[in-house]
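Keep the viewer open and try each task before reading on.

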Amino acid sequence: PHLSALVGHTNGLTKPASLAAATRAGGGGGGGSATASSKKLVIKNFRERPKLPDNYTQDTWQKLHEAVGAIQSSISIKYNLEELYQAVENLCSYKVSATLYKQLRQVCEDHVKAQILQFREYPFLMHRNDSLDSLLFLKKINKCWQDHCRQMIMIRSIFLFLDRTYVLQNSMLPSIWDMGLELFRNHVISDKQVQNKTIDGILLLIERERNGEAVDRSLLRSLLSMLSDLQQVYKESFEQRFLEETNCLYAAEGQRLMQEREVPEYLHHVSKRLEEEGDRVITYLDHSTQKPLIACVEKQLLGEHLSAILQKGLDNLLDENRISDLTQMYQLFSRVKGGQQILLQHWSEYIKNFGTTIVVNPEKDKDMVQELLDFKDKVDHIIEVCFQKNEKFINLMKESFETFINKRPNKPAELIAKYVDSKLRAGNKEATDEELERILDKIMIIFRFIHGKDVFEAFYKKDLAKRLLVGKSASVDAEKSMLSKLKHECGAAFTSKLEGMFKDMELSKDVMVQFKQYMQNQSDPGNIDLTVNILTMGYWPTYTPMEVHLNSEMIKLQEVFKTFYLGKHSGRKLQWQTTLGHAVLKAEFKEGKKEFQVSLFQTLVLLMFNEGDEFSFEEIKMATGVEDSELRRTLQSLACGKARVLIKNPKGKDVEDGDKFIFNGDFKHKLFRIKINQIQMKETVEEQVSTTERVFQDRQYQIDAAIVRIMKMRKTLGHNLLVSELYNQLKFPVKPGDLKKRIESLIDRDYMERDKDNPNQYHYVA
């Protein structure tokens, strides 16, 4: 078939050599000119494909063979590279590809086979420790490999057409590059002597580097990438041996250094080793080796010694608050399976042991709460900074605190209440409200761990009463804040009585405003200014009433107030608590006038000296009616303290029977108003015991109420089920023996009865 085209200008036709064109004049204008004649081109195909000249294949291969030989001998090639490339393309176009591939492979194989001879001639020494010989050998094998790679790249660039056509279409044939690798593997590296010598040399170099020597890392990188390129050689021959040697090295090193070094130094060494091995992977090992290598180091230096490390050094690190070392320990232990778990156990043991030493020793009671707060701050800081706020460590710390703080029942609760009292009392040195708030928050955390919260409540209530009645509270806001914290923690029932105390104080202020108005309307208001706090009995601590002999003016005022109050609130009963009373007395001395802020008992004693200058202990006791030990303390405060308003005869610290007391007219003091503190017998042991006993009494009522509640609902219940139900309901620690006593008591009082056939079964008695 003819391809014909009409064109305006013949110069638009390119490559005329490949076209057979016939031209003929024709009509019609082209390019806009009417007179210009147009030409017709007819393009025809080649009649047949041109033949290769005789001997072309042989001659061309000869050229190519020479070029390959020149590359392998590192001499210059006689022919132009483009010419050689074109020659390969021509051969491939004429279906000579298969022969060409075989011939090329044979030439390469012959060359590679010849390379092994230089290594066979190389003197093989049996000992790996001849490092110089080993290094020379490695350099030689590396040069051989580098040369081979360079040659194969050149050869491939010439035979690229063959590689991209014939080889690509035959999936069974390796590419020219892969063929080169295969030949090098089969004829050089698979030679047992060469392979062993190479791997021995590499391992020797790595060992020397691990021992701190500087080695040729680029040589290692090159050789190991050679083994990786040769596929299975790296995995099967090198990696296995490398990991075995690493294992042995670090097993021995771990054993040795655990004996020789302290824990922080040892952990530092482990970190350093892990870093070094990580760097090795980046620098010259194959990436696939990273996981088994690091696992091996972790196992031998850490995994095998977890308990030993913790037993040898954890307590020390925690005692000395070694933050950076603890952080390192946590990070390293987190890398090893089971590491965190064993660290958790030892952490918990440490907290329990350290905490127990704070709580159990009665000699430390004075500082117990402060020490607990400091210890809690310390472990919180360690968890936050060293243990990355790990929830498991936080939860176990809480459990451990709860365990040790309740090893000594009741006392921590009592001391925490006293600590809060010391912080909320006026005169406390805590500078700002914010600081006080922060301390109260910390106290609440410790309070949470305590089982016997009712003990805390009893002591807290007693101290709160003192603060409120003596007007000694540092800040009403802080008091209310503490109350709301307790309410949030323990519920409204826990704080209802404490809130009632505050209400009483506020109501008392209103009552006193009304009483002042009432007194102004009296014909004889008297010259004593009376302030009364009306306390609801159920809210406040129980105070033992003490009958004393008040003077007539006081008694009269009491009666006036009673008439006023009961006139407003009928059906109520007032009971005066003389132990809580206090007064301001005006006194005259030779130096001038003074005012004394004193308790009611001190007031009664001092007022006697308006009637005379000297009284014996017995006379004072008879006149005031104050109880013996209370009176001795009162006289001690007046005659043996800093402000000695009375002179005791004979002199001495303690008040004995028969002692005489004389008014000190020469009394001097720089202040006008002087507060004479009652000698406080550091809150007497009796007081503490009675508060604790009241708590136990209340607990018995609560147990009884809980038993009756459960039995009323269940009607019939076995002993064990009843006890477990009680443990769920009661909010304080209780012994099974105590529960048994309460059950017996309720059976005696006919609230419940035993089953006739089964003594472990109880029935509710309606």
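**Exercise 1.** With which residue does K594 form a salt bridge, and how far apart are the closest N and O atoms?

*Solution.* Start with the ground rules. This is a predicted model, where local features need pLDDT of at least 70, side-chain atom pairs count only at pLDDT 80 or more, and totals for chains, interfaces and linings use all residues. Residues are numbered from 1 along each chain as its sequence is written, and side-chain values use heavy atoms, with hydrogens and water left out.

Next, apply the criterion: a salt bridge is a side-chain nitrogen of Lys or Arg within 4 Å of a carboxyl oxygen of Asp or Glu. The partner of K594 is E591, with 3.7 Å between the closest N and O atoms.

Finally, check accessibility, where buried means under 20% relative accessible area, exposed over 50% and partly exposed in between (1.4 Å probe, protein chains only). K594 counts as buried at 8%, whereas E591 counts as partly exposed at 45%.

**Exercise 2.** Which parts of the chain does the D365 and R408 salt bridge tie together?

*Solution.* First take the distance: the closest N and O atoms of D365 and R408 are 2.8 Å apart. Then locate the ends. D365 is in the loop between helix 15 (339-360) and helix 16 (368-385), and R408 is in the loop between helix 17 and helix 18 (411-424), so parts 43 residues apart in sequence are tied together. D365 is buried at 14% relative accessible area, and R408 counts as buried at 17%. The total count of salt bridges is 50.

**Exercise 3.** Classify the aromatic pair of Y330 and F393.

*Solution.* Rings of Phe, Tyr and Trp (its six-membered ring) pair if their centres lie within 6.5 Å; planes under 30 degrees apart count as stacked, over 60 as edge-to-face and the rest as tilted. This rule gives 31 aromatic pairs. For Y330 and F393, the centres are 5.6 Å apart and the planes 75° apart, making the pair edge-to-face. The pair links distant parts of the chain, with Y330 in helix 14 (residues 323-335) and F393 in helix 17 (residues 391-405), 63 residues apart. Y330 counts as buried at 5% relative accessibility, and F393 is buried at 0%.

**Exercise 4.** Which residues line the largest cavity, and which helix gives the most to the lining?

*Solution.* On a 1 Å grid over the protein atoms alone, a cavity is a set of points where a 1.4 Å probe fits but cannot get out; lining residues have an atom within 4 Å of a point. Grid points are joined across faces, edges and corners, and a volume is the space filled by probe spheres set on the points. The count is 1 cavity of 30 Å³ or more. The lining consists of Q72, C108, H111, V112, H148, Q151, M152 and I155. Helix 3 (97-120) and helix 4 (131-158) each supply at least two lining residues, and helix 4 gives the most, with 4 residues.

Technical notes:
On a 1 Å grid over the protein atoms alone, a cavity is a set of points where a 1.4 Å probe fits but cannot get out, and a pocket is an open set with protein on both sides within 12 Å along at least five of seven lines; lining residues have an atom within 4 Å of a point.
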